[in-house]
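Please read them with the structure open.

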Amino acid sequence: MSLLSVEHVDARHGLLHAVRDVTLDVAEGETVALVGANGAGKTTLLRTIAGVHRPSSGRIRFDGADVTRLAAHRRAKLGIALVPEGRRLFAEMTVEENLRVAAATRRTGPWTVDAVLEVFPLLKPLRAKRAASLSGGEQQATAIGRALMANPRLFLLDEVSLGLAPVVVEAMYESLDDLIASSGTTVLLVEQDLGRALRAATRVVCMLEGRVVLEGAASELSREQVTEAYFGLRATA
Amino acid sequence: MNWLNAVVDGILLGGLYALLATGLSLMFGVMRIINLAHGSLALVGAYMAYLVTEHIGISAYLSLIIVLPGALIVGYVLQRTVLERSLRSGELVPLLTTFGLLIVIANLLQEFFSPDVRGLNPGNIGNASWQVSSTLSIPWFDALVLGISIAVLGGLHLLLKRTQMGRELRATAADAETAELVGVNARAVYARATAIAVATAALAGVFYGMRSSFDPTVGPDELIYAFEAVVIGGVGSLWGTLVGGIVLGVSQTVGAQINVQYFALAGHVVFLSVLTLRAVAQSGAVRLSWGKP
């Protein structure tokens, strides 16, 4: 059975219809990459799943239970963790405090402050530093660590590579691959870089103008197929 | 009276202002609510103590055992029923809501307690003072209030820095949505913050009531002093609030030393000066070259 089911979900920003009738299933242990151009509705879909954006219609099930009307903090307590776009750290709090806020989920598991620092050793000397004083890569590591502290069953990552140097992104994905492989966490990630998305994920879902236009196993989809769907070439051709 | 005594009195009086201002600063820091009913809630605390002392016959100090938990409940319920709704409608609505609350509280107090002037008995300590020298005496009661004020601020500081509740509070203040994403119930955090704010206001109100008499209309006066202390000390800073309270207190007592009528005026003048200086400093450099090409 799937861990997450998104059923016919519509989400709007005022007049903008950002997510249109999206249906999506993610099975336990799967890593799904959500790709698509800017404004395709990826971020809104993740935020709707995490509970900080209310869908205008449709249903979201997590582990069989309907969570559509559940507040974001309740979903976090069930094990849905989002690394938000733009990192959104608590700027005036230290790295360690940022991590420890997530103890609010009261979820126990392998992820503790020490475990996060093991995976992201670059944070070790920075644990008492204000988050605002960190570099982009350090902030992103803290943001990922903060979400991990919730010991999630479903890990949502929104463009973790945005605005980071390629070397940093490479290192970040290496640690991500490791922790995904070792913990068996289910992952739904948004990634602009198609090559990286195809490598990291077991399945790829492509969105265009709010709709899912292509879906398939990462190993079976060619780069060309995804590119076509990405830019909506088939629709115009 | 002499100058030294005036300054010492001002510092001690600053303790009361800081206590009065703490909750105002907390609510603004966490929720961006400027609680115009803050002074009125302090006054409610004083009237609650008055009721308890009249009916149970215990001292005003002991009445805090009942008043403080009562104020925590009032704050929690107030947030959950009234302020939470108004917060959802934008930044200005809470301002209107708390202004309305101020009027409602003043009228309810008038209805239940009549417009008569009341007071709380500070006990023997109210008149006692420590004669340091022929020119300097320190009133025990005011020193006690300053001590309690420092203890409350210190306690809040520890709560915010050292506990999970404090971390959740600071995280919510910084970014409520992201706090929700890591499992923090932002609305519950808001309710706790308001509960603490109202409790500190009530505590200040009870001491205010022991220091001077009160009637149902003095809420806004208390609000102004609290507000001035917060602005002078810097918004959102706990220890700044103490500094702000002390600066305000010293301004008033030193002003009164010049002329008794300058007590309130001197405080307002210092407040306005700080506000103006800060505005100038924030706008960058003063344009001295205006008029030139």
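**Notes on the predicted model**

1. Start with the order of elements in chain B. From the N terminus they run α-α-α-α-β-β-α-α-α-α-α-α-α. That comes to 11 helices and two strands. Keep in mind throughout that this is a predicted model.

2. Next, the overall form of chain B. Its radius of gyration is 20 Å, close to the 19 Å that the globule rule gives for 293 residues, so chain B is as compact as a globular protein of that length. The C-alpha trace of chain B spans about 65 × 60 × 40 Å along its principal axes.

3. Burial and contact range in chain B. Of its 293 residues, 47% are buried. Take the contacts in chain B with a separation of 6 or more: residues 24 or more positions apart account for 72% of them.

4. The core. The largest nonpolar core holds 155 residues. Which residues have the most contacts inside it? They are A:Leu156, B:Ala202 and B:Val206. Helix H8 of chain B, residues 186-211, gives the largest share of this core, with 18 residues.

5. Leaving aside neighbours within four places in sequence, B:Val206 contacts B:Gly45, B:Ala46, B:Ala49, B:Ala60, B:Leu64, B:Val67 and B:Leu120.

6. A helix pair in chain B. Helix H1 (residues 3-31) and helix H5 (residues 140-162) of chain B pack with their axes 7 Å apart, at an angle of about 40°. The crossing of H1(B) and H5(B) is left-handed.

7. The residues that make this packing. H1(B) brings B:Leu12, B:Leu13, B:Gly15, B:Leu16, B:Ala18, B:Leu19 and B:Thr22. H5(B) meets them with B:Asp142, B:Ala143, B:Val145, B:Leu146, B:Ile148, B:Ser149, B:Val152, B:Leu153 and B:Leu156. By class, the contact of H1(B) with H5(B) has 12 nonpolar, three polar and one charged residues.

8. B:Gly15 sits in this contact. Its place is in helix H1 of chain B. Is B:Gly15 buried or exposed? B:Gly15 counts as buried, because it has 26 C-beta neighbours inside 10 Å, and 20 or more is the cut-off for buried. Beyond four places in sequence, B:Gly15 is in contact with B:Val145, B:Leu146, B:Ser149 and B:Gly245. The C-alpha atoms of B:Gly15 and B:Leu146 are separated by 4.0 Å, though the two residues are 131 apart along the chain.

9. The contact between chains. On this count, 23 residues of chain A are in contact with 16 residues of chain B. On the side of chain A that touches chain B, helix H2 (72-78) and helix H3 (95-101) of chain A each supply at least two residues. H2(A) gives the largest share of that side, four residues. By class, the side of chain A that touches chain B has 15 nonpolar, two polar and six charged residues.

10. Last, a residue in chain A. A:Ser5 is found in strand S1 (residues 2-13) of chain A. Not counting residues up to four places away in sequence, A:Ser5 touches A:Asp25 and A:Arg61. A:Ala171 lies 166 residues from A:Ser5 along the chain, and their C-alpha atoms are separated by 31 Å.

Technical notes:
Residues numbered from 1 in each chain as written. Chains lettered and ligands numbered in written order. Predicted model: local features only at pLDDT ≥ 70, side-chain atom pairs only at ≥ 80, totals over all residues. Contact = placed C-beta atoms within 7 Å. Core = buried A, V, L, I, M, F, W, Y, C linked by C-beta atoms within 7 Å. Buried ≥ 20, exposed ≤ 12 C-beta atoms within 10 Å, placed from the backbone. Rg over C-alpha atoms; globule rule 2.2 N^0.38 Å. Axes fitted to C-alpha atoms, helices over the stretch in contact; angles between N-to-C directions. Left-handed = near helix turned anticlockwise from the far one by under 90°. Nonpolar A, V, L, I, M, F, W, Y, C, P; charged D, E, K, R; others polar.
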